[in-house]
Amino acid sequence: MGDSRLLRVAELVDRFDTPALAELLQDMRDTMAAENGAGLAAPQIGVNLQVVIFGVEQNSRYPDAEEVPFTVLINPTLYQLDEEMEDGWEGCLSVPGMRGMVPRFKRLRYTGVDPQGNPIDRTVSDFHARVVQHECDHLYGVLYPMRMKDMRQFGFTEVLFPNQEIMDE
Ligand code: NI
């Protein structure tokens with residue numbers, strides 16, 4: 001946070017199934033795994049393209065985590081389905097060591113394409129919807145603190161959640 005590359009609108013990907021795209025996705029997967037993240041957007045590693053990855057497997061270290069299938073989502077569009085919002089704690093690999101309470105739409109539809117250019121069209125809710133909203137915000141220069149309504153619910157992970165292992169987005 002503070003790096004101006006996180007505040008840009010990312011550019012659309014216009015070529016699929018290329019070595020450059022494969023290399024970017026490998027970098028993103030490696031970064032997400034090394035940082036124990038639930039998701040990552042290309043601008044977080046300095047690449048100004050509309051590419052996000054996310055996914056959470058069932059894991060005994062995070063018994064409460066909702067499973068989200070590993071997904072590469074390129075050129076995404078999010079569609080609001082209704083007005084219902086839900087508050088939830090979020091963290092971000094670009095805001096290390098912090099957590100904040102963020103309102104998100106509880107349900108949404110998203111479309112985009114995979115690395116081969118095949119269409120993706122899903123309607124999701126709860127944590128899956130939250131992760132998608134968080135990652136796609138990165139493509140428009142929005143970090144989760146900018147979505148917060150109550151800065152009293154913003155703090156250090158180790159203070160808010162002592163002795164817990166927490167995933168970041
Ligand atoms: Ni993030």
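1. Three strands make up an open sheet, arranged in the order 4-5-8, and their pairing is antiparallel. Its edge strands, each of which pairs on one side only, are strand 4 (85-92) and strand 8 (154-156). From one strand to the next, the twist averages 20 degrees. The model under discussion is a predicted one.

2. Strand 5 comprises residues 95-105, and seven bridges join strand 4 to strand 5 in an antiparallel arrangement. A hairpin of two residues connects strand 4 to strand 5. Two facing pairs can be named: cysteine 92 stands opposite valine 95 in strand 5, and glutamate 86 stands opposite arginine 104 in strand 5. In general, strands of a sheet pair through backbone hydrogen bonds, in either a parallel or an antiparallel manner.

3. On its other pairing, strand 5 is joined to strand 8 by three bridges, and these two strands also run antiparallel. Glycine 100 has phenylalanine 154 of strand 8 as its bridge partner. Strand 5 is largely enclosed by the rest of the structure, because eight of its eleven residues are buried.

4. Helix 2 should be read together with this sheet. Helix 2 lies across strand 4 and strand 5, and runs at about 60 degrees to strand 4. Alanine 129 belongs to helix 2, which covers residues 126-138. Alanine 129 counts as buried because its relative accessibility is 0%, the cut-off for that class being under 20%. Leaving aside residues up to four places away in sequence, alanine 129 touches Phe105, Lys106, Leu108 and Val124. Arginine 147 is 18 residues from alanine 129 along the chain, and the C-alpha atoms of the two are separated by 15 Å.

5. Which cysteine sulfur is nearest to that of cysteine 136, and how far away is it? A search of the whole structure finds zero disulfides. The nearest cysteine sulfur to cysteine 136 is that of cysteine 92, at 13 Å, and cysteine 136 is in no disulfide. Cysteine 92 counts as buried because its relative accessibility is 0%. Cysteine 136 likewise counts as buried, with a relative accessibility of 6%.

6. Helix 1 (residues 19-34) forms a separate topic. Helix 1 has 16 residues and reaches 22 Å from its first C-alpha to its last, close to the 22 Å expected at 1.5 Å a residue. The buried residues in helix 1 include Leu21, Leu24, Leu25, Met28 and Met32. They lie on the same side of helix 1, because they cover an arc of only 95 degrees around the axis. As a general rule, an α-helix has 3.6 residues a turn, so residues three or four places apart point the same way.

7. On the face turned away from the buried side of helix 1 are the exposed residues Pro19, Glu23, Ala33 and Ala34. Asparagine 36 follows helix 1 and has a positive phi, near 60 degrees.

Note on methods:
Residues numbered from 1 in each chain as written. Predicted model: local features only at pLDDT ≥ 70, side-chain atom pairs only at ≥ 80, totals over all residues. Heavy atoms only, no water. Helix = DSSP H or I, 4+ residues; strand = E, 2+ residues; numbered from the N terminus. Buried < 20%, exposed > 50% of the residue type's maximum accessible area, 1.4 Å probe, protein only. Contact = heavy atoms within 4.5 Å. Expected span 1.5 Å × (residues − 1). Arc of directions from axis to C-beta. Pairing = 2+ DSSP bridges. Axes fitted to C-alpha atoms, helices over the stretch in contact; angles between N-to-C directions. Disulfide = S-S within 2.5 Å.
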